[in-house]
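Subject: Structure handover

Hello,

Here is the structure for your files. My notes on what was found in it follow below.

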Amino acid sequence: MAEIRKVVVVGAGVMGAGIAAHVANAGVPVTLLDIVPAGAPNRNALAEGAVERMLKADPAPLMTKAAAKLITPGNTEDHFDAAVGDADWIVEVVTERLDVKQALYRRIEAARKAGSVVSSNTSTLPLASLVDGLPESFARDFLITHFFNPPRYMRLLEIVVGPLTRPEAVDTVSRFADMSLGKSLVRCKDRPGFIANRLGVFWLQAAVVEAFARGLAIEDVDAVIGKPMGIPKTGVFGLLDLVGLDLMPHVNASLAAALPKDDPFHAFDRPLPVVQKLIADGYTGRKGKGGFYRLNREAGKRKEALDLATGEFRPARKAEVAAVAESGRSLGKLLDHDSPLGAYAWRVMGATLAYAAALVGDAADDIEAIDEAMRLGYNWRWGPFELIDRLGADWLIARLERDGQAVPEMLRLAAGRSFYRVENGRRQALGRDGQYHDIVRPDGVLLLEDIKRAGTPVIKNGSAALWDLGDGVACFEFTGKMNTIDQQVLDLLVKTVRRVKKDFKALVIYNEGHNFSVGANLGLALFACNIAAWTEVEASVTQGQEAYRALKYAPFPVVGAPSGLALGGGCEILLHCDAIQAHAETYMGLVEVGVGLIPAWGGCKEMLHRWSTLGRLPKGPMPAVAKVFETVSTATVAKSAAEAKELLYLRPTDGITMNRNRLLADAKARALAMAESYVPPEPPIYVLPGPSAETAMAMAVAGFRRLGKATPYDEVVSGALARILSGGDTDVTETLDEEAVLALEREQLVRLVRQPGTLARLESMLMTGKPLRN
C-alpha cells in the first residue's frame, strides 16, 4: 500500500486551513495553497494569514505551535506545479462551484505524479458531477473526503467513491485518515448531503420551522431537543449559532435542488424572514454579533434570546419544560407528553427518526453508518436507530400510523424486535435482508465496551473495575461520575496490584468515558472539611500516596491510556505509570490550586523528578523547582498530548495514538512489549534548594499580586506549593528520598484544607463549576 508522506491542500479558507493543520498535527509536511490576492504585495498572503490566525485561534486547530512549521504556505500561481507534483495526496477545498472545481482538477491532473490521490472536501456536489468530462486516469484516483468542522476535533470523515475509483487509492487515504488523522471513516453513497448533513440538516430545519410555526421559546426548544435525547446541550438554536446561521440558506438550497421532489425534506424547506433579517443584520451566530442568542454588551453582557414571534431580542431565561421534568428518562413519555412542547418534540424527532430509516439503502447501506455519522458528526450520544431502540420500533410504527405518516420499510423490518441486539457476547445490527449481522471492528481496534459485553469483571466495586483484556493484560477502569477518584478507587487499585501480580503480566489503566478522570471527588473532600474530619482527610491523602506508589513499584509494567481530561489526581496516577499511551486529545494538568489545594498524591515529587532528569534546563536544583512551580501554581493544562510532552506530563518516550478507537489496543501492545523484560524503577533521590528558594518563589507571587495577576489567596496556596518544591528545611548539601517529599505534600495539604479560603474555593467549584478568585 502506498504511503502518504506529503500533502497539498488547495484552498486556505477555514476548512482548508483546518485540514492542513491537522495533517501537520500528524507530523506530515503539508503545503497550503490559495490564489494570489489582487493587488497584494505578498503573493502568499491568504495562506500565510490562515496559518497566523490558526496560531491564535481558540479552540486551536494545531495541537502544538511547533506543528505550524510543517505547513508551507504558497499560492496557486507560483507554487502549484511543484507542490502538486511532489504530493501523495491533494485535497481540494475551494468554493462549492462545479466549474471552479473542474478547472482546478484539470490543472491538478496535468501536474500530479502517477498514483497520487486527489480528493474533494465537498459536502454538496455529487462525485459523478465532479469527474464528469475529466480523464479516466483522474477518476481512478479521485474520491470525496468530507471532513467536519473543526477538522482537528470532529472525528467523522465521510468517504464517497466512484465506480472507477481504484480500491488502492481508497485504502491509502483511508489508512492515513484512520491511523494518522484519527478519523472514524463512514462510507457513504454518492447522494446529496451524504449521510450526516442529509439527516442533520433535515433535523435542524424541521426543528426550526416547527418552533417558528408553534411560537415556542428557543430556550425551551433547546431544553427539549437536547439532553433528554442525548443531543448536546446546545440543542437546536445554540448549535445553529455555533456553526453559523449564514450557512443555513446555502445548505438548504443545495439539498432542495438535489433531492427528488418526493423527498420529505421539502416539507420543511421554506424561507424564514426572521432568519434572513438576522443574517442581513450581521447576526450570523457566534462568529458575528450573535445569532438566536446574543450577549448584550450595552446591558452588561446580559444574555438575550430571540423572540421568534416578534424577531426582537429579550432577556434569556431558564427553560421551563414540564414535559422534560415529568417524563424522567423515558423518551417515549416525552414524545407522548400532552403539552405543546411534547407535541413539538414528537413532530421533530418522529419525522427525523422516520427519515433516518428511509435513508437506509439510499444514503448508506446499513444502520451502523447512519448512527456513527450522527454520533460523530453532530455529537449525538445515540444514533437514530439506537434512539428507536430506546423508544421501541413497535411504538414508533404505531405512532406514525396513528398520525397518518408513512412507515419506512427498514422500520417495518424491526417490528417485534430491535435494530441492535447482543448475541453470545457480540453486538449485532439488523440488516436490510432482515437478518442480524455481527458488528466487526477494524483490525487494531479494541474497545472495552466489547470486553464488558462478553464477560464479567475480575474484581469490582462501586467506583472501579478490573477487566481481563486477554494475553495476560488486565485493564483498570474508573466507573464513577466523571471518573472521579475516591476511597473505593484507591481500595480497588491496591487490590488490583495484588491480583495482577498473581494472575497477569501487565496492567493498563483506561476507560471509555468522555474524560479519563477529573481528579479527586471534591464533594467528599468538602464534606470531610465541613465536619472537621482532619484525621480522615490526612488518611485519604496517605491512602492515595500509598496506592500510587504501589502502582509505580509493582513487579509488572503499568501503562496509562488517557483520553479527554486527566486532571489533578487523574493526572497524578498517570505520572506514576511506567509508560503512557495517550490519545492525541488528552488534556493533562495538576490543577489543584484552583480549588485551594496542592497535588498531594505524589504529583509534586513526580514532576520534580521529571524536570530534574528529563528537562532541558540549566544545571542545579533551582531551574527544575522553578519550572514545576510555574506549571503547577498556574494550574497549567496541556491542550493536547503533544503539548503534554512539552510540559513533561508525558515523557519523550510516551506514545500518542491519533485514533481514539485504537488507544486500548496500542496500550495493550505496549504493556505486553514491556512485560518481556520488565524491571521496576529505582526510587529517585532529590536535591532541593531549601528556604532561600521558598522565599524567592513567595516573592515572585507577591509581585504578581501587586500587578493584579494573583489574588491574596493565591499567595497562600502558592506558599504551600513553594514549601514542598523547595524541600522545606533542607539544603543543597543534603538529599531527600520520596517519602520526605510526600510528607511535605501531606503536611501542606492538611494545612490548606483548614483554611476558609480553600473551603470557599471548593464550594465555588462544586456549585458553579468555576474557580473562585479569592
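R112 counts as buried, at 12% relative accessibility; buried means under 20% relative accessible area, exposed over 50%, and partly exposed in between (1.4 Å probe, protein chains only). This is a predicted model, in which local features need pLDDT of at least 70 and side-chain atom pairs count only at pLDDT 80 or more, while totals for chains, interfaces and linings use all residues. Residues are numbered from 1 along each chain as its sequence is written, and side-chain values use heavy atoms, with hydrogens and water left out.

R112 sits in the loop between α4 (98-111) and β5 (117-120). Helices (H or I, at least four residues) and strands (E, at least two) are DSSP runs, numbered from the N terminus. Neighbours within four places in sequence aside, R112 is in contact (heavy atoms within 4.5 Å) with V84, G85, I90, V118, S137, F138 and D141.

Aromatic pairs

F138 is also part of a cluster, linked by ring pairs to Y105 and F142. Rings of Phe, Tyr and Trp (its six-membered ring) pair if their centres lie within 6.5 Å; planes under 30 degrees apart count as stacked, over 60 as edge-to-face and the rest as tilted. Searching the whole structure gives 15 aromatic pairs. In one of them, F202 and F268 have ring centres 5.5 Å apart and planes at 90°, so the pair is edge-to-face. This pair links distant parts of the chain, 66 residues apart: F202 is in helix α8 (residues 196-214), and F268 is in the loop between α11 (247-258) and α12 (273-280). F202 is buried at 1% relative accessible area, and F268 is buried at 3%.

Salt bridges

The whole structure contains 56 salt bridges, each a side-chain nitrogen of Lys or Arg within 4 Å of a carboxyl oxygen of Asp or Glu.

- K101 with E92: the closest N and O atoms are 2.4 Å apart, and both K101 and E92 are buried.
- E304 with R302: the closest N and O atoms are 2.4 Å apart. E304 is buried, with a relative accessible area of 2%, whereas R302 is partly exposed at 37%.
- R441 with E449: the closest N and O atoms are 3.4 Å apart. R441 is partly exposed at 28%, and E449 is partly exposed at 33%.

There is also a network of salt bridges that links R549, K552, K605, E606, E738, E739 and R746.

Helix α32

Helix α32 (residues 756-768) has 13 residues and, at 1.5 Å a residue, should span 18 Å; its end C-alpha atoms are 18 Å apart, which agrees. The expected span is 1.5 Å times one less than the number of residues. Buried in α32 are G757, T758, L759, R761, L762 and S764. These buried residues pack against α22 (522-530), α30 (712-726) and α31 (738-752).

Surface patch

L242, V243 and L247 make a nonpolar surface patch of about 250 Å². Patches are made of residues with over 30% relative accessible area and no salt bridge, like charges being joined within 9 Å and nonpolar side chains (Val, Leu, Ile, Met, Phe, Trp, Tyr) within 5 Å. Accessible areas come from the Shrake-Rupley method with a 1.4 Å probe; for residues, only the protein chains shown count as cover. V243 is located in helix α10 (residues 237-243) and is partly exposed, with a relative accessible area of 41%.

Regards
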